[in-house]
Each structure stands twice: as structure tokens, then as C-alpha cells.
Amino acid sequence: MRCVFWCVLVLMILMGEIGMGGGISEVLKTLSKNRTDFSLDNGLRVVILNVSDARSVNILLGFEAGSLYESKPGLAYLTSQVLLFKNRRYGMLEIPNHVESLGGSIDTSSGHDIATIGIKCLYEDIYTSLSKLFDVLTGFEVDGEVLNIVRPNIISALKVKEDDPWEYTRRVFLKELYGDHPYGREPEGEESGISAIQPEDVEKFFRDFYTPDNAVLVIVGRVEKRKLVEFIKRKYSGWKGKRAEVSLPEVTNVSKSREVRISKKLKQATIRVGHLSTNIKDRNRVELKVLNFILGGGGFGSRLMEKIREREGLAYGVFSNFYIDRKLNGYFFVGTQTEGRNISRVVEIITNEILSLVRDGITEKELEEAKGFSEGSILLGMESFSTIASFLLYEKLFGLKENYFIKDVERISVIKREDIERVAREYLRPTELATVIVGGE
């Protein structure tokens, strides 16, 4: 009941529907009332969520254009980073400067699966902002001057990651799990590859994947729905292009336990233990969230924190996650840092706790605490318009059920102990653990 109350309250605030009352079904009705979905003839999918009492608007345009789709390592990320620099209709950086002059912001991002262009603005500036976004899409150009500005920034950021034990260990771990698959490397690529990318490579990637039939436009905030829908249909119908056909590389599982040790002059060892897992469309996604809380995702309420930190004092912190919000197979992992002399014991505890979950199951107390935390984490994620826009974008791009982010709360409330024990047996593979240890000399 606590979850339902907060769920209703959060959505009442977001939608300006004070006094709505009811439970999850009423929340879904409110979402349906304020939500508008439609598509244009060019393939662009649009989701509008009206928040009547807001002063601002979040615009998020997403594409299946991450590193999973690139022909050269780093190409997708580099493309996303140069989108706002030059334009056939405007001077250098004129579009982002104009958006910022209105008190708004515009930025771009690219990961393994998707690339986005995001704008935050006041509601009275929504049409100007959408027009500038349209200009980014239809007037984009790139040359050597722009690449020479952007490349050094990416390379510098990669060097910073190289010096960070957490980031370095994560990179080695992903390489161990995925090999040469795009998921096994940073979306940013590597220095040698980035330096070799030419303007024509970027232009081709843009033409191939920044197309209306490969895009979802999400708008969350205060809008005049009828006027906005008419504007989008009139303006964005002029956006042309067809996505290139591409065969995605398969993820190959290495079904054996193995250990990788890398020597670095660091007092503490950084440890990652895990294996490949499932993807965002898995029917047991919510159960895995609850299972993860029990193992290591619940902070001081998790088994690993209690054993490794509280009972034996071997590490300051330890955490786990099913990193599966992606198109192809994600992964499960446990991460921590400890002194070199404690490495073997820490790895032993991690392995034993995974085995225990598979073999012995969980308690009712663990289940109830995990359900409460999981419900709350979903609701906290809905506190900002940008997060809600991301939820809606993922829903459309990955073909999830409508309003899945609210329906997940409803599913959590009916999970039983046997459900978690079943997914532990199905999704935890203690005989296939990859262990990466960096430093600790």
C-alpha cells in the first residue's frame, strides 16, 4: 500500500491532477489521459506527455545509432559529439548558442545502443526549440575543422578513464565478456581509431542512422497538445531519409569460469566478478531487480555488504547489478575494492553468496525489503521530466509495453519468494564467472 500511495502522489504532482485518488489503475488512466502517441508518414514516432502545471519542457530525440551500429570503433560517439557544431544554415555553434540564449540547454549523447539529442526549455520556447532541432537534423555538416576540435576532447576523456581503477577494470571486464563485440569496448573508441575517422565517415553514419524512421521524439512538460501535434506534423514531415539495413553482431557466451589479473601499482585491488546475462525485453526483468537488491544492490541491506564490509571488514563498499537495459545481451556483475592480501577471501565470499542464492534461496524478510526498495527506486526515478522522457524513449525504441515503468511497480507487488528463487536458478551462473582483478600489489 505504501508503494501505491507514493506512486499516485508522484503522478498527481507530475500531471497536475491533485485529488485523483485510486491505485495503479488510476495512475495508468491519468497517463493515458495526458499522453499522446502518433507517427508521421516518414516513420517518425512521437510521444507527448502533458504536465499542465509545469513551466518547462523536456524534448528528447532518440535513435538506434549507438556503437552497436558503427563500422569503425568510435564513429557513433564522434558523430553525436559533432552534431551541434556546424550547420548549412547557421554559423559555428549558432544553434546551441541560440537555445542557451533563451535560458534553455541542448546536448547530445551516444552509448552502445542509442544516441540522443536533448533540449530543455521554457514552455513558451518549445516551437523555437523544435525548429532548431529540425535544423540540426536537416542542415548538418562536418569537416576537418570540427573533427580537430572534438577529437582531442574525446581522447583526453579516454586517458582520464585509463587512470581510474574503476573505469579501467570495467573496460577489461567488458572485453573479457564480449571480446571484439561492440559491447566489449567503450563507445568513445580508442585514440588510434578516432584519429583515423574522416568527415565522410561521419556524414555517412549520419545519413544512415539519423533518419526519421529510426527515431523517436519524446516531449514531456507543459504543452498545448492540439497545436503541438499540428506543428510537429507540419514541420517534421519535411524530414527525409531511410535507415540503412544492418546486421547486428551476435553476442557469444564463453561458458566457463576464468580469472584475469592485471598488475598495477595500486595498494587496493579493484575486482569485478560476473557473466553475460539477458536484455531489456526479458519477461523476468522486474524479478531480477528484486534479486539484485538481495545480493548486492541494496547497499547496507544486501548480503554482500553485510558479509564483506560489516562482518569481515574487507572492503568499504560492494555492489552488484544486472546491467540489462540494452538491445542485446547485457551482463551481471559484482564490483568492489579491497587490499591485496584480501583478494582471495573477497572473491570467495562473492562466489559463495551467488551459489547460496542459487542453492538455498531467500527468506521472506529479504523478499519484502527488496520489494519495497525496488518499488521506491522506480518511483524516485520519476522525479524529473528528463527521466520520464528517457523511460518513454526506451519504451518506443525497444518495443516495450506502454507505460512499462509504472506497470513494473504493479508487478513487483505480487512477486513471491518462489519467483525470485526461480530466476536465481535461471539467471545466476556460478560456474561461468569471469573474475577481473586490477592492482593490489
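Which side chain meets glutamate 339 in a salt bridge? In this predicted model, the partner is arginine 341, with N and O 3.0 Å apart. Glutamate 339 is partly exposed at 26% relative accessible area, while arginine 341 is exposed at 70%.

Let's step back to the whole protein. You're looking at 17 helices and 11 strands. For 441 residues, a compact globule would have a radius of gyration near 22 Å, and the protein comes in at 23 Å, so the two agree. Along the principal axes, the C-alpha atoms fill a box of roughly 60 × 60 × 35 Å. Buried residues account for 55% of the chain. Of the contacts between residues at least 6 apart in sequence, 81% join residues at least 24 apart.

Now for the charges. There are 62 positive and 63 negative side chains, and the centres of the two sets sit 2 Å apart. The structure holds 37 salt bridges.

One of them pairs lysine 161 with glutamate 186, the closest N and O atoms being 3.0 Å apart. Lysine 161 belongs to helix H6 and glutamate 186 to the loop between helices H7 and H8, so this pair ties together parts 25 residues apart in sequence. Lysine 161 is partly exposed at 22%, but glutamate 186 is buried, with 6% relative accessibility.

Glutamate 421 is buried at 17% relative accessible area, and arginine 417 is partly exposed at 31%. Elsewhere, salt bridges with shared partners link Lys161, Glu167, Arg170, Glu186 and Glu188 into one network.

Methods: Residues numbered from 1 in each chain as written. Predicted model: local features only at pLDDT ≥ 70, side-chain atom pairs only at ≥ 80, totals over all residues. Heavy atoms only, no water. Helix = DSSP H or I, 4+ residues; strand = E, 2+ residues; numbered from the N terminus. Rg over C-alpha atoms; globule rule 2.2 N^0.38 Å. Buried < 20%, exposed > 50% of the residue type's maximum accessible area, 1.4 Å probe, protein only. Contact = heavy atoms within 4.5 Å. Lys, Arg positive; Asp, Glu negative; His and termini not counted. Charge placed at Lys NZ, Arg CZ, Asp CG, Glu CD. Salt bridge = Lys/Arg side-chain N within 4 Å of Asp/Glu carboxyl O.
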